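Subject: Structure for your files

Dear colleague,

Please find the structure below. My notes come after it.

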Amino acid sequence: MTTGNIQLLGDTLAKAKAENRAALIAYLPAGFPTVDGGIAAIKAVFDGGADVVEVGLPHSDPVLDGPVIQTADDIALRGGVKIADVMRTVREAHEATGKPVLVMTYWNPIDRYGIERFTEELAEAGGAGCILPDLPVQESAVWREHADKHGLATVFVVAPSSKDERLATITAAGSGFVYAASLMGVTGTRESVGEQAADLVRRTRATSELPVCVGLGVSNATQAKEVAGFADGVIVGSAFVQRILDADGDEAAGLTAVRELAAELAEGVRRAP
């Protein structure tokens, strides 16, 4: 049986910590702007300095994602992206770089595809795990059993509205890291990431030894530096997607733009606050 790369994910986050910095985690949807173009973009982001990449499984109703990622998902879905393309994206990105690649997906596509089939294929592709923003912890036992069997992390999302008792329940069930949503609402770039996120990280750490990585709203090196001051990882998605959208079909320009952004952010998470 093939096992996934949860260990690689853990080692990568531990290495960043040993270097006294936050890890840079980038998000890009599979199939955007095309399947091949998406794979090239992920390689470019790793090349620029990302430690981990989350591959989004495009969904027609992405409740956590703001307009930028919804636009990218729409392009991918219109291009006919399938779960097989998501697995191929994970495989090629991981094989080319040796770095940890996760899938971020809503629950419905996995449920329809089949949990056993999905976890087996993700492990076989070299995936490190899944981020599941809308799977309630109390309904996650079957998923976690298969993920554990296949060496895959199960990353749950916590929000500023999560009470301490709830945080403890979520972190006890999760593995790999905890995804802390820095604010209420959807993904997208924000002016400030702020107090709420620092408080959420502090409260989450009180319940768990897992690394706590912050997403939703980080779009530049200054914000990355701010979040790196209190979190174990900085998650950036919309800003990468926006660079590709801005390139307006010029693939080379898009790849250069995401590589440059990754380099800026990688510097941001390394600067001492």
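This is a predicted model: local features need pLDDT of at least 70, side-chain atom pairs count only at pLDDT 80 or more; totals for chains, interfaces and linings use all residues.

Residues are numbered from 1 along each chain as its sequence is written, and side-chain values use heavy atoms, with hydrogens and water left out.

The protein chain has twelve helices and nine strands (DSSP runs, numbered from the N terminus: helices are H or I with at least four residues, strands E with at least two). Its radius of gyration is 17 Å, close to the 19 Å that the globule rule gives for 273 residues, so the chain is as compact as a globular protein of that length (taken over C-alpha atoms; the rule is 2.2 Å times the number of residues to the power 0.38).

Of the 273 residues, 58% are buried, meaning under 20% relative accessible area with a 1.4 Å probe, protein chains only. The chain has 24 positive and 37 negative side chains (Lys and Arg against Asp and Glu; His and the chain ends are not counted).

The nine strands form an open, parallel sheet in the order β5-β4-β3-β2-β1-β9-β8-β7-β6; strands pair if DSSP finds at least two bridges between them. At the edges stand β5 (153–155) and β6 (157–158), each with a single partner strand, so one side of each is left without a neighbour in the sheet. Strands β2 (residues 52–56) and β3 (residues 101–104) run parallel and are joined by four bridges. Glycine 56 stands opposite methionine 104 in β3.

Regards

Conventions: Buried means under 20% relative accessible area, exposed over 50%, partly exposed in between (1.4 Å probe, protein chains only). The place of a charge is taken as NZ of Lys, CZ of Arg, CG of Asp or CD of Glu.
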